[in-house]
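Visitor: I'd like to learn how to read a helical model. Could you walk me through it?

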Amino acid sequence: MRILALTLDLDDTLWPVLPALECADRELDAYLRTHHPEVATRWPIPAMRRLRAQVAAERLDLAHDFTTQRHLTMQRAFEACGLAQAPIEALWEVYYAARNRVELYTDALPALERITASWPVASLTNGNADLERIGIHAHFHCQVCARDTGVGKPDVRIFRVAAERLGVAPEHILHVGDDADLDMRGAREAGLRTAWINRERLPWPDGLGEPPDLDLPDMGALADWLERSQGLAGGSGSQTL
């Protein structure tokens, strides 16, 4: 099948997300210790993480919206300290700025530049990464996130939204991501082709059905495959997946 466009996961595909999330927790905690010490004392980082997990468990309707989950967590933390209103905008800016100070994998940006020079790419994420803050938004044809769509991966509807925005039939789109379930199974069930960025070279998990079309060690290998098998003009090559 000719590949005419790509959808691309962000966290743990283009950069490791855990360091950024941990940094964001630390910076929010430092802000609270300076400006709201009573909240910081009551809710150190481990307790704040447990509170967020509780919010997520109670509000399954927000499973697609990590931003609102965190807003509610902050509000509850303040209320537990007898403070009716949390300064959500200020708190969120501290957290969000740190969360988006990511360090891309060394292969990610060079490969992204090669790929997006010849194929339209839509970012497709359940998270709340901000491509403008990160500085790579110009490489993307469009951005699709779970919060705006109302559903997250592996729900087939978010993949279909991306296909509609790209203006390409699902069977001509290659979805690229690191998560075997959310990315690979979800995209496959939505009718997309699949490329697993499997940096740790893990075996395909049992119980997830057919393995992905491509199992690649990094983004550079993806760019190599696209240029070799599909041609340099947006899928103009004669070979197929």
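Guide: Start with what counts as a helix: a DSSP run of H or I with at least four residues, numbered from the N terminus. Here α4 is followed by G82, whose phi is positive, near 80 degrees. This is a predicted model, so local features need pLDDT of at least 70 and side-chain atom pairs count only at pLDDT 80 or more, while totals for chains, interfaces and linings use all residues. Residues are numbered from 1 along each chain as its sequence is written, and side-chain values use heavy atoms, with hydrogens and water left out.

Visitor: What span should α4 have, and what do its end C-alpha atoms give?

Guide: The expected span is 1.5 Å times one less than the number of residues. For the 15 residues of α4 (residues 66-80) that comes to 21 Å, and the end C-alpha atoms are 21 Å apart, so the two agree.

Visitor: Which residues of α4 are buried?

Guide: Buried means under 20% relative accessible area, exposed over 50%, and partly exposed in between (1.4 Å probe, protein chains only). In α4 the buried set is T67, Q69, R70, T73, M74, Q75, A77 and F78. As a rule, an α-helix has 3.6 residues a turn, so residues three or four places apart point the same way.

Visitor: What do those buried residues of α4 pack against?

Guide: Contact means heavy atoms within 4.5 Å. The buried residues of α4 pack against α1 (18-35), α2 (37-42), α3 (45-58), α5 (88-99) and α8.

Visitor: How do I read the angle where α1 and α5 cross?

Guide: Axes are lines fitted to C-alpha atoms, for helices over the stretch in contact, and angles run from 0 to 180 degrees between N-to-C directions. Under 35 degrees is roughly parallel, over 145 roughly antiparallel, 65 to 115 roughly perpendicular, and the rest oblique. The axes of α1 and α5 come within 7 Å and cross at roughly 150 degrees, so these helices are roughly antiparallel. Among the residues that meet are A20, L21 and A24 in α1 and A90, L91 and V94 in α5.

Visitor: And where do α1 and α3 fall?

Guide: Their axes come within 10 Å and cross at roughly 115 degrees, so α1 and α3 are roughly perpendicular. The contact involves E22, D25, R26, D29 and L32 of α1 with I45, M48 and R49 of α3.

How values were computed. Helices (H or I, at least four residues) and strands (E, at least two) are DSSP runs, numbered from the N terminus.
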